[in-house]
Amino acid sequence: MPHETTDAPAVLFRGGTVLPMDDAHSVLTDTDVLVVGDRVAEVGAGLSGPDGTLEVDASGGVVMPGMVDTHRHMWQTAMRGYGADWTLTQYFVWYYLESGRHFRPEDIHTGNLLSAWESLEAGVTTTVDWSHGLQTIDHGEAAVDALAAVPGRFVLAYGNIQAGPWEWTADPGLRSFLDRRRGDLYGWQLAFDVTGDPAFPEKAAFEAARDLGLPVTTHAGVWGATNDDGIRLMTDAGFADESTVYVHAATLSQDSYHRIAATGGSVSVSTESEQSAGQGYPPTWQVRRHDIPVSLSMDTSVWWSGDLFSAMRTTLGADRSREHLEAHATGDTVTNVHLRAEQVVDWATRGGARALGTDEIGRLAPGAKADVVLLRNDRSPVSFPLLNPYGHVAFQAQRGDVHTVLVDGKVVKHDGALVGVDLADLRRRAEATVDHLRSVMGEEAWTAGMNPAMPDADDKVLDNPYQYTDFRTDTTLARGSIFGEPGAGEA
């Protein structure tokens, strides 16, 4: 789907409150930001641009870097809200064992298109597509085609949950695909998990990543799925380094956090996900103690909101809730919270850039890439007064307040509306994916999947079905016991 952007020779944000995202967490009032080409040219007062400069009134608003999401399953976005009442086990069954394998390349393409525009609309200018639904190279081609058609900055984290990573990383077709498409996106990663099997079958996938020169992103510390054994295997074999991104990292031991810190890795926290699905308690309260770098992510729109404003506020809430809870358990009172608003705004911008190994995004300074967001909403009484800019971004702002977005100096959203998107086409594509899945699943299974039955009091707690390969069982651990369909999956 072709796109058009406003490609002015220069853009000048005039008179805003600027958050440059520097080490001092500065706040610059009545300040201009001049963009020339794909770079920030100047930040200061009373600036002027070359002839033809597009001037944007930023007075009363906040000018900040574009946000960076380091873990989003973009391919699933056409299923927006479907799994609102799921647990993590139900998610695993639906996507890994059953219905997820019905996604065609065109469904991957649709999910990525929809998610990419959703990201930009919310001021997320760089998104990591944690794309573990790439069952074939054709699925991978579709994923890249979609991302390349949207004027954002995207990193494809290539994965395939339907096969072991030691299998799909050895496929010559993957090497050929990467050779052809590597220049089409901002960056690339390999996405796979380490289950803790003592045989360490994932070793071959790490070796492939090293041979390809690609960093690894992995779901770590996920209750019932990945644990300390995986961290130990990775670090003992020398595969953990500063480019490794550990997603969730919610149920790890102190030893694992020490290992991550010692090897320079970072943690991508998806607080809405961890709070709701069951990976474990959002780990920032632990990660902070070990000085491990943090970035934020939203995980999947199958459950949660697709913006980082929600991620910032839920992360603050979870961290502070844990701090108060631990103090109350010992009879103490917290009188000063440790995690501050300015820190989560940093995680949503510079934190994501650091996780991707770059300092050219996530900040506003001369020479930085011109990924810029203006928060201004004159139609909303929530937009004023602007007293604490970091607190305003973290607790008050929302996607409807995103007035203007630049990526690489090009305007992709202005005056609250996306530029160059065909929403009617996106709707038709999403409806086609939904119709396909409803057809192959059947209406009864579709309805049961979206509305999991409440368990009876004597129901057993189900084992976690998480794994890479096909799942067969002669027990009731199948859709019948997960989603409440009588007798489904029983031998």
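Me: Where does glutamate 141 sit?
Reply: Glutamate 141 is in helix 3, residues 137–148. Bear in mind that this is a predicted model.

Me: Is glutamate 141 buried or exposed?
Reply: Buried. Its relative accessible area is 16%, and the cut-off for buried is under 20%.

Me: What is glutamate 141 in contact with, leaving aside neighbours within four places in sequence?
Reply: Phe177, Arg180 and Arg181.

Me: Arg181 again, then. Which side chain does arginine 181 meet in a salt bridge?
Reply: Aspartate 145, at 2.9 Å, N to O. That pair links distant parts of the chain. Aspartate 145 is in helix 3, arginine 181 is in helix 5 (residues 172–181), and 36 residues separate them.

Me: How accessible are aspartate 145 and arginine 181?
Reply: Aspartate 145 is partly exposed, at 37% relative accessibility. Arginine 181 is buried, at 12%.

Me: Stay on helix 5. Which residues are buried there?
Reply: Leu174, Phe177, Leu178 and Arg181. Seen down the helix axis, these buried residues fall within an arc of 95°, so they line one face of helix 5.

Me: Why would residues spaced like that point the same way?
Reply: An α-helix has 3.6 residues a turn, so residues three or four places apart point the same way.

Me: And what is exposed on the other side of helix 5?
Reply: Pro172 and Asp179.

Me: What caps the N-terminal end of helix 5?
Reply: Aspartate 171. One of its side-chain oxygens lies 2.8 Å from the backbone nitrogen of glycine 173.

Me: Back to salt bridges. How many does the count come to?
Reply: 34 salt bridges.

Me: What does arginine 72 pair with?
Reply: Aspartate 69. The closest N and O atoms are 2.9 Å apart.

Me: What about aspartate 378?
Reply: Aspartate 378 forms a salt bridge with arginine 376, and the closest N and O atoms are 2.8 Å apart. Aspartate 378 is exposed, with a relative accessible area of 60%. Arginine 376 counts as buried, at 17%.

Me: Which residues do salt bridges with shared partners join into one network?
Reply: Asp38, Arg39, Arg153, Lys369, Asp371 and Asp408.

Me: Switching to ring pairs. How many aromatic pairs does a search of the whole structure find?
Reply: 25 aromatic pairs. One of them joins tyrosine 91 and tyrosine 95, with ring centres 5.3 Å apart and planes at 50°, so the pair is tilted.

Me: How far apart are tyrosine 91 and tyrosine 95 in helix 1?
Reply: Four residues, in a helix that runs over residues 88–97. That separates them by about one helical turn. Both tyrosine 91 and tyrosine 95 are buried.

Me: And how are phenylalanine 92 and tyrosine 96 arranged?
Reply: They form a stacked pair, 5.0 Å centre to centre, with 20° between the planes. These two also lie in helix 1, four residues apart. Phenylalanine 92 is buried, as is tyrosine 96.

Me: Which residues form the aromatic cluster?
Reply: Trp75, Tyr82, Trp86, Tyr91, Phe92, Trp94, Tyr95, Tyr96, Phe103, Trp303, Trp304 and Trp446 form one cluster.

Me: Last one. Where is aspartate 229?
Reply: In helix 7, residues 228–236. Aspartate 229 is partly exposed, at 34% relative accessibility.

Me: How far is aspartate 229 from asparagine 160?
Reply: 22 Å in space, C-alpha to C-alpha, and 69 residues in sequence.

Notes
Residues numbered from 1 in each chain as written. Predicted model: local features only at pLDDT ≥ 70, side-chain atom pairs only at ≥ 80, totals over all residues. Heavy atoms only, no water. Phe/Tyr/Trp six-rings, centres within 6.5 Å; stacked < 30°, edge-to-face > 60°. Buried < 20%, exposed > 50% of the residue type's maximum accessible area, 1.4 Å probe, protein only. Contact = heavy atoms within 4.5 Å. Salt bridge = Lys/Arg side-chain N within 4 Å of Asp/Glu carboxyl O. Arc of directions from axis to C-beta. Polar contact = N/O pair within 3.5 Å; in protein donor to acceptor, adjacent residues only side chain to side chain.
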